[in-house]
Amino acid sequence: MRLHVPIKLRWSDLDAYGHVNNAEMLRLLEEARIQAFWVADDGSDGESLDTLAAGGSTAIIDGRPGAETLTLIARQEVEYLLPVPYLRDPLDIELWIGRLGGASLEVCYEIFSPVGIEPRKLFTRASTTLVMVDAASERPRRINERERDAWSPYLDEPIVFSRR
């Protein structure tokens with residue numbers, strides 16, 4: 001099962017070639033990840049994103065200042081398949097968990113053209129390894145039962161990049 005997170009482009013995301021700049025692609029991935037996994041600013045989960053599965057939301061990480069857990073990026077890989085032009089409708093970013101370890105997880109992404117635009121185009125594949133870190137000790141901490149229960153329905157095969 002995959003999460004579908006719509007992300008709108010900004011005009012400033014484009015580079016001189018008229019497509020989304022590679023550095024901005026990392027921002028788009030970050031935005032999708034935050035919407036999918038972080039609680040809202042008021043502390044509520046992301047039910048409004050329609051990310052419910054197995055009776056709960058995937059948006060359970062508190063990323064607000066003073067949170068007990070930090071999510072640090074250990075690794076990112078991006079494979080650019082097609083240039084992303086400026087599109088007014090939001091991109092359809094599909095996310096799933098490629099690996100759920102002890103203190104880390106691999107978030108996988110496929111970035112598609114907006115829903116309803118045919119033919120559907122796959123622009124980018126990517127993965128991010130996140131490490132859960134205790135904010136007080138600054139040491140990795142184990143993924144807890146609540147997190148594992150929320151994310152396990154989205155566990156699927158990791159991305160196989162074409163040029164590894």
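The stops below go from the whole chain to single side chains.

This is a predicted model, in which local features need pLDDT of at least 70, side-chain atom pairs count only at pLDDT 80 or more, and totals for chains, interfaces and linings use all residues. Residues are numbered from 1 along each chain as its sequence is written, and side-chain values use heavy atoms, with hydrogens and water left out.

**Whole chain.** Show the protein chain as a cartoon: there are two helices and eight strands. Helices (H or I, at least four residues) and strands (E, at least two) are DSSP runs, numbered from the N terminus. Read along the sequence, the pattern is β-α-β-β-β-β-β-β-β-α. Of the 164 residues, 43% count as buried; buried means under 20% relative accessible area, exposed over 50%, and partly exposed in between (1.4 Å probe, protein chains only).

The bridge partner of Leu3 in β5 is Leu95.

**Aromatic pairs.** The structure holds two of these. Rings of Phe, Tyr and Trp (its six-membered ring) pair if their centres lie within 6.5 Å; planes under 30 degrees apart count as stacked, over 60 as edge-to-face and the rest as tilted. Select Trp11 and Tyr86: their ring centres are 5.2 Å apart and their planes are at 75 degrees, so this pair is edge-to-face. Trp11 is in the loop between β1 and α1, and Tyr86 in the loop between β4 and β5, 75 residues apart. Trp11 counts as exposed because its relative accessibility is 63%. Next select Phe37 and Trp151, with ring centres 5.8 Å apart and planes at 85 degrees, so this pair is also edge-to-face. Phe37 lies in helix α1 and Trp151 in helix α2, so the pair ties together parts 114 residues apart in sequence. Phe37 is buried at 3% relative accessibility, and Trp151 is buried at 0%.

**Glu79.** Finish at Glu79 in strand β4. Is this residue buried or exposed? Glu79 is buried, because its relative accessible area is 9%. The C-alpha atoms of Glu79 and Arg125 are separated by 5.2 Å, although these residues are 46 apart along the chain.

Key. Pairing = 2+ DSSP bridges.
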